[in-house]
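Q: Could you walk me through this one? I'd like to start with a detail and then zoom out.

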Amino acid sequence: MNQVLAIMAGSVWKILVKVGDQVDAGQDVVILESMKMEIPIAVDFGGTVKEVKVSEGDFVNEGDVMVEFE
């Protein structure tokens, strides 16, 4: 798996990584806001960020790709 998907519909509240960042398994990469709750999205794997496909304030649906890794 080399993508981080939205686990629910919501707004992208904060992006915690940028292209080229190294991440470890369990690290939060995006925080979604849904129904006034902040939901951190963590990766299940380590790797290097290849592309961030969303911007802060964007609305995402469940299953949308938010971050891709190499």
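**Talking through the model**

A: Let me begin with Met 35, which is exposed in this predicted model, because its relative accessible area is 76%, and the cut-off for exposed is over 50%.

Q: Where does Met 35 sit in the fold?

A: Met 35 lies in the loop between β4 and β5, and its phi is near 55°, a positive value in a residue other than glycine.

Q: And Lys 36, what is its phi, and is it buried or exposed?

A: Lys 36 is not a glycine either, yet its phi is positive at about 65°, and it is placed in the loop between β4 and β5. With a relative accessibility of 80%, Lys 36 counts as exposed.

Q: Switching to the overall picture, how many helices and strands are there?

A: The protein chain has zero helices and eight strands, so the pattern read along the sequence is β-β-β-β-β-β-β-β.

Q: What about its radius of gyration?

A: The value for the protein chain is 11 Å, which agrees with the figure near 11 Å that a compact globule of 70 residues would have. Along the principal axes, the C-alpha trace spans about 30 × 20 × 20 Å. Of the contacts between residues at least 6 apart in sequence, 55% join residues at least 24 apart.

Q: How much of the chain is buried, and which residues have the most contacts inside the largest nonpolar core?

A: Buried residues account for 37% of the 70 residues. The largest nonpolar core has 19 residues, and those with the most contacts inside it are Val 4, Val 29, Val 30, Leu 32, Met 66 and Phe 69. At least two residues of this core come from each of β2, β4 (28-34), β5 (37-42) and β8 (65-69). In soluble globular proteins, nonpolar side chains tend to be buried together.

Q: Take Val 30 from that list; what does it touch?

A: Leaving aside residues up to four places away in sequence, Val 30 touches Val 12, Lys 14, Leu 16, Ile 39, Pro 40, Ile 41, Met 66 and Val 67.

Q: New topic: where is Asp 21, and what does its side chain reach?

A: Asp 21 is in the loop between β2 (10-15) and β3 (22-23), and its side chain reaches the backbone nitrogen of Lys 18 at 2.9 Å. Beyond four places away in sequence, Asp 21 touches Gly 47, Thr 48 and Val 49.

Q: Why does Thr 48 count as buried?

A: Thr 48, in strand β6 (residues 47-52), has a relative accessibility of 19%, and it counts as buried because the cut-off is under 20%. Its contacts beyond four places in sequence include Gly 20, Gln 22 and Phe 69.

Technical notes: Residues are numbered from 1 along each chain as its sequence is written. Side-chain values use heavy atoms; hydrogens and water are left out. Helices (H or I, at least four residues) and strands (E, at least two) are DSSP runs, numbered from the N terminus. A polar contact is a pair of N or O atoms within 3.5 Å; within protein, one must be able to donate a hydrogen and the other to accept it, and residues adjacent in sequence count only if both atoms are side-chain atoms. Contact means heavy atoms within 4.5 Å. Buried means under 20% relative accessible area, exposed over 50%, partly exposed in between (1.4 Å probe, protein chains only). A nonpolar core is a set of buried Ala, Val, Leu, Ile, Met, Phe, Trp, Tyr and Cys residues joined through side-chain atoms within 4.5 Å. The radius of gyration is taken over C-alpha atoms; the globule rule is 2.2 Å times the number of residues to the power 0.38.
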